[in-house]
Amino acid sequence: MNILILGLGSIGQRHLRNLKKIDKKINFYAVRKKFFTPHLDNKNKVIKGDIKKKYNIMYLKNLDQINKDQLSIDAAFVCTPSRFHIEEAIWLVKNNINIFVEKPLGDGFRNLDKLKKLLRKKSNLKHMMGYQLKFNPIILKLKDLLSKKIIGDIYYVNIHHGEHINDFHPYENYKHSYAAKKSLGGGVVLTQIHEIDYMLYLFDNYKVVNKSSISTKVSDLQIDVEDTLSAQFILRDRKRNLICQLHTNFYEKPKRRQINIIGKKGKIFCDLNKGIINVFRNGKERKILFNFDRNKIFMKQVKYFLNCIKKNKKVSSKLDVISGAKSLELALRLK
């Protein structure tokens, strides 16, 4: 199998390492315009060695070299800054290459509809978004609890994700990261879009009928993008409404990533960082603990994508690029 990776920053290198573990026979190609990111391990710590030699990567100058050199590429992983995702995905789809696109799908509406039309037209192509939290056992358990209506009808949801931007990549100054730059598609809304995406996933039987938000910069961080999002939604199913409040920021220490859900028969508290779900029902508390290697979530995600290609199976509509477009569209309207 021949796999192309666009961008070898932290997430591009993570996929490279995991792909090599999954299948040692994969031939790697890469388009790498910037060489700022050093060779990293699974914990984003700098390690010695030449990444090109270690993985026997063939570097390409640009995407056009694929056709010029008549290369056969089975799948491409789009891991460049958000600003470039849609255009790169369009080129790859037009050239009949299966795509895995890291979140978010883009940083604007430009050519988004064009990409969706292309994907629907080329229905045999496999396409998937890099929302690995949909493979996280905590989110999956939470989805299961909600589907079983453990706490009855849902009235209120609060989602919170605060983490300091300087802690994202310990090997680089935050001011140089894509998350800090408007020109690369940064900002807390798109960088922490996972929260928007799993909100839509957990409550996929609801429709967003109303929304309001404040997206702005309040800290003294040296960035030219927003560092805070505070949003409120009314989600509606056939019977009733629920209120969902969502907050994300770039400056919180210690980091906090939690979900609170209040229902008719009780409530559920989830701490994604500590790996805990607490279910409160009928005056009793049930605690569910999770202990897993974070990288295994990325491994499961990539294995799923490769399996769809090898067995010619359609990627689930909850995981594909079309679903990623829905998350992006909502995020852009909040932004």
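Isoleucine 99 stands opposite histidine 127 in β6. The two strands involved, β5 (residues 98-102) and β6, pair in the parallel sense over four bridges. Pairing requires at least two DSSP bridges between strands. Strands are DSSP E runs of at least two residues, and helices are H or I runs of at least four, numbered from the N terminus.

This is a predicted model: local features need pLDDT of at least 70, side-chain atom pairs count only at pLDDT 80 or more, and totals for chains, interfaces and linings use all residues. Residues are numbered from 1 along each chain as its sequence is written, and side-chain values use heavy atoms, without hydrogens and water.

**The sheet.** Six strands form an open sheet, ordered β3-β2-β1-β4-β5-β6, with parallel pairing. β3 (58-60) and β6 (127-130) are the edge strands.

**Tyrosine 29.** This residue lies in strand β2 (residues 27-31). Tyrosine 29 counts as buried because its relative accessibility is 14%. Buried means under 20% relative accessible area, exposed over 50%, partly exposed in between (1.4 Å probe, protein chains only). Its contacts (heavy atoms within 4.5 Å) beyond four places in sequence include Asn2, Leu4, Leu60 and Ile73.

**Helix α6.** In α6 (residues 137-147), the buried residues are Ile138, Ile139, Leu142, Lys143, Leu145 and Leu146. Their cover includes β7 (154-162) and α8 (194-202).

| Pair | Distance type | Value |
|---|---|---|
| Tyrosine 29 and isoleucine 57 | C-alpha to C-alpha | 5.3 Å |
| Asparagine 136 and isoleucine 138 | side-chain oxygen to backbone nitrogen | 2.8 Å |

Asparagine 136 caps the N-terminal end of α6. Lysine 149 follows α6, with a positive phi near 55°.

How values were computed. A polar contact is a pair of N or O atoms within 3.5 Å; within protein, one must be able to donate a hydrogen and the other to accept it, and residues adjacent in sequence count only if both atoms are side-chain atoms.
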